[in-house]
Amino acid sequence: MAKMLPFIMVVVIDTNVFVSACLGNGDSTRVIEAVLLEKIHPLIGTALVNEYEAVLSRPSLFKTSRLNDDERNKLLDLFFSKCNLQKVYFNWRPNLRDEADNHLIELAIAGNAQAIVTQNVKDFRGTELFFDGLRILTPNQILKEV
């Protein structure tokens, strides 16, 4: 009898989850830990890589961080090593009220992700387009599923 492989959810992780993990938020920390333990499989694209790097270069965000600049960059490199690079060939615009979040949906659709994990679920409400099977989850919600 063939051995069943565990289901690993494919997701897009918003930068606010990574920042929150660096600041010590428990649920966000556990999401990043699940990525490192390969319990969650994140997608990454060029726009999201650029966003992560831009956000991590803002010292004002990390005044209360438990990690120093070097530690955050090492964690980001390790996180990226667990991500699957996904090219986005089609833009689904206009869609969200906040243009800056559209690339997350485009990445999720391109990579057939099951969810976008974000602290800002409200930013994804009221979309003009709906995609069956794509859910918007908080870190707490995704942790209940993995």
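Author: Helices (H or I, at least four residues) and strands (E, at least two) are taken as DSSP runs and numbered from the N terminus. This is a predicted model, in which local features need pLDDT of at least 70 and side-chain atom pairs count only at pLDDT 80 or more, while totals for chains, interfaces and linings use all residues. Residues are numbered from 1 along each chain as its sequence is written, and side-chain values use heavy atoms, with hydrogens and water left out. With that in hand, α1 is followed by Gly-24, whose phi is positive, near 100°.

Reader: Why is α1 described as largely enclosed by the rest of the structure?

Author: Buried means under 20% relative accessible area, exposed over 50%, and partly exposed in between (1.4 Å probe, protein chains only). Eight of the eight residues of α1 are buried, so the rest of the structure largely encloses this helix. Contact means heavy atoms within 4.5 Å, and the cover over the buried residues of α1 includes β1, α2, α3, α4, β4 and α6 (139–143).

Reader: Which strands does β2 pair with?

Author: Two strands pair if DSSP finds at least two bridges between them. β2 pairs with β1 in the parallel sense over four bridges, Pro-42 being the bridge partner of Val-11. Two bridges also join β2 to the parallel strand β3 (residues 84–85), where Leu-85 stands opposite Ile-44.

Reader: What is Ile-142 in contact with, leaving aside its neighbours within four places in sequence?

Author: Ile-142 is in contact with Met-9, Val-11, Val-31, Ile-40, Val-117 and Leu-137.
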